[in-house]
Amino acid sequence: MESRQFRVHLHISSPGKTFMSTAASPTYPALLSVVQYPHPVLRKHADEVTVFDDALRDFCERMFLCMEQAKGIGLAAPQVAVSKRIFITDHARREEGQSDRRVWINPRIVNAEGTSAYEEGCLSFPGMYARVERCDRFTIIYHDVYGAENRLSLDVGAGDFLGVVVQHELDHLDGKVFVDHLTDAQLTLIRKRLREMEKDYKKATGKPGAILRR
Ligand SMILES: [Zn+2]
């Protein structure tokens with residue numbers, strides 16, 4: 001996910017940049033790069049993580065490099081073409097030298113209440129921002145990189161912006177993207193850019209990809 005505070009840095013300036021692994025793994029690719037709309041992996045329901053090994057931890061570490069290079073505040077595994085229920089966040093103000101790196105594995109939300117709307121962007125939809133309605137208060141249950149279960153209660157209305165980020169990223173694990181939440185009027189504003197991305201994808205791959213059917 002991208003937020004307005006990082007907006008000046010929104011472009012993924014070197015889309016060919018990848019992050020190499022030293023650990024060979026059949027589950028996680030050696031090279032990671034952010035995929036963009038309409039790549040079909042963004043529409044897949046991601047699989048649960050059942051093995052908490054060094055390859056998983058190495059993958060998460062490389063996801064942070066990928067996200068930091070792209071100036072993101074959240075990144076889900078499907079966005080680097082790995083259909084696993086993993087996402088990472090770091091919503092602290094990096095320009096002020098702060099960091100709050102977190103890994104969320106097999107996450108689920110319980111006891112959701114209320115709604116809040118915030119402006120969101122997404123590394124897989126560069127340059128597009130829109131206000132999206134999310135739950136206001138909830139508890140998220142997730143595993144860490146060693147398989148231990150954690151739970152955290154978040155209250156967006158009380159200032160937990162992390163609550164917006166995790167809802168955005170959790171959507172990616174279910175094959176949903178933030179533009180799915182937009183009204184027709186909001187969609188009209190970004191339709192031209194979506195069409196351009198669809199054209200670029202078809203040109204590069206010869207396939208239409210998973211295009212938005214609205
Ligand atoms: Zn996203």
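Me: What makes two strands a pair?
Reply: Two strands pair if DSSP finds at least two bridges between them. The model here is predicted. In it, Glu120 stands opposite Ala130 in β6.

Me: How do you know that β5 and β6 pair?
Reply: Strand β5 (residues 102–122) and strand β6 (residues 125–143) are joined by 13 bridges. The cut-off is at least two, so β5 and β6 count as a pair. The two strands run antiparallel. Cys122 has Phe125 of β6 as its bridge partner. Two residues lie between β5 and β6, and the strands form a hairpin.

Me: What makes β4 and β5 a pair?
Reply: Four bridges link β4 and β5 in the antiparallel sense. Because at least two are required, β4 and β5 meet the definition. Ile88 stands opposite Val103 in β5.

Me: In what order do the five strands of the open sheet stand?
Reply: The order is β3-β4-β5-β6-β7, with antiparallel pairing.

Me: Why is one side of β3 and of β7 left without a neighbour in the sheet?
Reply: β3 (74–76) and β7 (149–155) each have a single partner strand, so they stand at the edges and one side of each has no neighbour in the sheet. On average, neighbouring strands of this sheet are turned by 45 degrees against each other, direction ignored.

Me: Which strands does helix α1 lie across, and which does helix α2?
Reply: Helix α1 (residues 54–69) lies across β3, β4 (86–89) and β5, at about 50 degrees to β4. Helix α2 (residues 162–173) lies across β3, β4, β5, β6 and β7, and runs at about 155 degrees to β4.

How values were computed
Residues numbered from 1 in each chain as written. Predicted model: local features only at pLDDT ≥ 70, side-chain atom pairs only at ≥ 80, totals over all residues. Axes fitted to C-alpha atoms, helices over the stretch in contact; angles between N-to-C directions. Contact = placed C-beta atoms within 7 Å.
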